[in-house]
Amino acid sequence: TLKKLNGVWEITNARIEDGEGFSFYTSSVSGTMKIDSKEKVCTALLAFSYENLSELPYIIYDTLEYNSSAFSLNNSEELEVFPSGFGETSDKFRILDLTKDYLVIEYYHYSGYKLKRFTLRKK
């Protein structure tokens with residue numbers, strides 16, 4: 001799994017599910033996630049936006065950013081990224097699909113009450 005994860009991944013799609021179960025697909029995505037499996041470091045800047053279709057529709061702009069953050073791989077099914085270092089709060093990405101050039105991961109953003117799923121392809 002580490003060998004497949006290694007490299008630069010470009011985001012192609014993002015799906016957001018809010019705490020009430022509504023799903024939002026992004027209208028625009030950009031950015032990359034670089035995973036260095038030898039050094040166990042993840043650097044990422046993923047940007048995406050989606051429209052909230054409530055009574056007063058508005059566009060939500062969101063990002064996911066890591067700057068040379070340490071990571072660990074748990075049971076080949078979970079990528080855990082430590083934005084502030086080991087021992088601090090981490091983001092736990094469940095690996096849903098992984099091939100040599102295709103990656104689908106998701107994590108639950110607790111403070112935002114949103115499940116975020118990202119589809120990436122190897123650059």
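User: In β4, which residue is the bridge partner of S28?

Analyst: This is a predicted model, in which local features need pLDDT of at least 70, side-chain atom pairs count only at pLDDT 80 or more, and totals for chains, interfaces and linings use all residues. Residues are numbered from 1 along each chain as its sequence is written, and side-chain values use heavy atoms, with hydrogens and water left out. Strands are DSSP runs of E with at least two residues, helices are runs of H or I with at least four, and both are numbered from the N terminus. In strand β4, S28 has as its bridge partner S49.

User: How many bridges pair β3 and β4?

Analyst: Two strands pair if DSSP finds at least two bridges between them. Strand β4 covers residues 41–52, and its pairing with β3 is antiparallel. In their hairpin, four residues lie between the strands, and K40 takes a positive phi near 55°. The number of bridges between β3 and β4 is nine.

User: How many strands are in the chain?

Analyst: Along the sequence the pattern reads α-β-β-β-β-β-β-β-β-β. Besides one helix, the chain has strands numbering nine.

User: Why does the radius of gyration of the chain agree with that of a compact globule?

Analyst: The radius is taken over C-alpha atoms, and the globule rule is 2.2 Å times the number of residues to the power 0.38. For 123 residues a compact globule would have a radius near 14 Å, so the chain agrees with a value of 14 Å.

User: Is E65 buried or exposed?

Analyst: E65 is found in strand β5 (residues 58–74). Buried means under 20% relative accessible area, exposed over 50%, and partly exposed in between, with a 1.4 Å probe and protein chains only. Because its relative accessibility is 57%, E65 counts as exposed.

User: Which residues does E65 touch, not counting those up to four places away in sequence?

Analyst: A contact means heavy atoms within 4.5 Å. With residues up to four places away in sequence left out, E65 touches A44 and L45.

User: What distance separates the C-alpha atoms of E65 and K116?

Analyst: Along the chain, E65 and K116 are 51 residues apart. Their C-alpha atoms are separated by 14 Å.
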